[in-house]
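My notes follow in the order I checked things.

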Amino acid sequence: MSLGRRWRRCVRSAVFLFAASAAILLGSTVALFAWLTVSPFPKPLPLSPSSASGCRPDGEGSWSVGLFYGDSPFSLKPIEFWNVWDNETAAWPVANPVVTCASATDAGFPSNFVADPFLYIQEDILYLFFETKNSVTLQGDIGVAMSKDKGATWHHLGIVLDEEWHLSYPYVFSYQDQIYMMPEGSEKEDLRLYRAVNFPLRWTLEKVILKKPLIDSFIINHQGYFWLFGSDFSSVGANKNGELEIWYSSSPLGPWKPHKQNPVHNMDKSLGARNAGRPFTYQGELYRPGQDCGGTYGQRIRLFNVKVLAKDEYEEVEVPLGLDEPQKGINAWNGARYHHLDVQRLTSDHWVAVTDGDQVPSGDVVRRLLIGYSAFGAAIVLVILSGVFLSAIKCNLPLSQCLHFSRKRSDVLQSQEHHLQHCSLFRWLCSHLNNMTSLLGGRIRPNTCTGQSILAIIFVVVVSLTCIGTHYVYGGNGAGEAYSLKGHYSQFTLVTMTYDARLWNLKMYVKHYSRCTSIREILVVWNKGQPPNVTRFDSAVPLRIRVEKRNSLNNRFNVDPSIKTRAVLELDDDIMMTCDNIERGFKIWRDHPDRIVGFYPRVAEGKPLRYRDEKYARKQGGYNMILTGAAFMDHKLAFERYWSNDTKIGRDIVDKFFNCEDLLMNFLYANASSSRKTIEYVKPSWALDTSKFSGVAISRNTQEHYQVRSECLARFSELYGDLAANKWSFGSRKDGWDV
């Protein structure tokens, strides 16, 4: 038989048709699910060539470092609560995390993560020592960064220790006018002490102080002795992450004597035995942070008050930590786990602390791939079984396939014996599968109601498994991430205006957006009706309801000194979009803080001006307005401009038509800003207007709505100048976010 005839017969066969149909179904399911759930927009391009080699997905996690301040070690708040500003990066205020693998990599030190932070303070300068996992060698090294502005800006100085083995946990302390570092290097099976030769970059090995592979160790001076705390997981019977031992000496250089109760802890790994940073003293009491590794490695920090520390006795009790638990889940930089704390006194009434955090649990990359490919495999198996059930696939192996030999048996005896064994096993499996199928087919036929129901169930399960596999393999870890600008993160306030008829909408809105990474607070401008109690909302951030005296769209832009951030996102309560869309818009606003940055472009053109939608604007190749129902702006600049005396007539027009407040803001920016371009468009991956499901939309009649807005344009142009003089093209930024 010719090759062409064999190919035609194969194409016409039931097996080929079934396989092709199944492949089209599964491929379409993958494509559709990915299109709906995976963001089509790329991450920002690396700032430098070295950036491409840093911050790679890592099975150990994506740790970063955050900074906290407080009046005591038990009232610590993240840096954003202390209104630390850095106007050069539009960070108003600076937000955690303050040091990341990206900032280390951009400084020329490729890193997959930064963790185990320890502070060393000299006057007003903060030095931060940390473990950095080199993304090239995949080894832990010790890096250092410096801040001269209370932690708002960190300058990476370099790698201070790079041994041939893994290093972490760089415990730094002073003794007799010398600065020492005791990093964890258990792969070397000893504990080493380094001394600063030229602080902070040059260190020399001072001494091997203990011949034990200790994990996460520290030394403290307490009641006349130096005490060394550490964990030796190599000991017989030691519980990993649940073991703790103590030694004592008259000097941090040793010699060290073991505590009589060693190990003082050998318990469940969730109970905090493993050290989690530097101990501290407060009001005469000693406190030790420990790691809870119950659910995943480094899940959280637990704090213990050391009641008794003597040569033959040790006692501690757990106390509240004093750090607020992250509420945004994996959208928070430390939402999945945080396992290290170093808290130190700055002055008599002020404390500073650093912690590390991660958005995903340990081994998340491997777990996602395992679940994803298992789901794909199960879907393929079900497809094959359904093909057998439909008799589209015949499971048999011709005997000739097992008996065919191309060479003398004496030449390949052993390999062909294995071949025969495999063929025999496969034929046995095919035989039993065919028998089972025949038995099942005799009872349940595909053309009956029962058979069709079974096939429908299999179809639903296959589609579900395909979606699950796509989600875990291609969808990433699901963590919402902020976009840094020059190594800084910041936050904004979400402002929405509503009234009593839209309460159901508001609850869904608050629950969703409050978990976006960069949102600091949600402000609800309540225009009409009885305001609800804030306790009725499931919010991960502070929620404030500002009740207005009268129902006016001008209330959207009321000057509000209680807003704690420079940036606000004005977002209508009937617009739902992904947190990644929001974060991209915030990044672009931080690039252009003097502009309105939003998601809905419009164009005004003609004489007199006519209001046109986005579809028309794209046909015309540009836009000259951004709707402020979904836009970022500098609230101080925008709101004061809106409520100036020169704008009173414009506000009266807004009240008259109960419309056009967003158009008025565009006119004010276009004719009062020093920048030639005053608006920026950011394309959302998708957005949903939930008011269409409730019937409470303000602009239900589109034609009438557009006529009113065209009349507003005519009046505003007479009062505030020409808005249509400039038109900005889509895709002009070249970042792929405005196409």
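I started with helix 12 (residues 648-657), where the buried residues are Gly650, Arg651, Ile653, Val654 and Phe657. They cover an arc of only 155° around the axis, which puts them on the same side of helix 12. I am working from a predicted model.

Next I looked up the packing partners. The buried residues of helix 12 pack against helix 11 (635-642), helix 13 (661-672) and helix 14 (702-720). Phenylalanine 658 follows helix 12 and has a positive phi, near 45°.

How many disulfides does a search of the whole structure find? I got three. In sequence order, the bonded cysteines pair 1-2, 3-4, 5-6.

I took cysteine 660 and cysteine 712 next; their sulfur atoms are 2.0 Å apart. Cysteine 660 sits in the loop between helix 12 and helix 13, cysteine 712 in helix 14, and the two are 52 residues apart. The S-S torsion is about 80°, so this disulfide is right-handed. Cysteine 660 is buried at 0% relative accessible area, and cysteine 712 is buried at 0%.

Then I checked cysteine 55 and cysteine 101, joined with S to S 2.0 Å. Their S-S torsion is about 120°, so the link is right-handed. Cysteine 55 is partly exposed at 31% relative accessibility; cysteine 101 is buried at 12%.

Definitions and conventions. Residues are numbered from 1 along each chain as its sequence is written. This is a predicted model: local features need pLDDT of at least 70, side-chain atom pairs count only at pLDDT 80 or more; totals for chains, interfaces and linings use all residues. Side-chain values use heavy atoms; hydrogens and water are left out. Buried means under 20% relative accessible area, exposed over 50%, partly exposed in between (1.4 Å probe, protein chains only). Helices (H or I, at least four residues) and strands (E, at least two) are DSSP runs, numbered from the N terminus. The arc is that of the directions from the helix axis to the C-beta atoms. Contact means heavy atoms within 4.5 Å. A disulfide is a pair of cysteine sulfur atoms within 2.5 Å.
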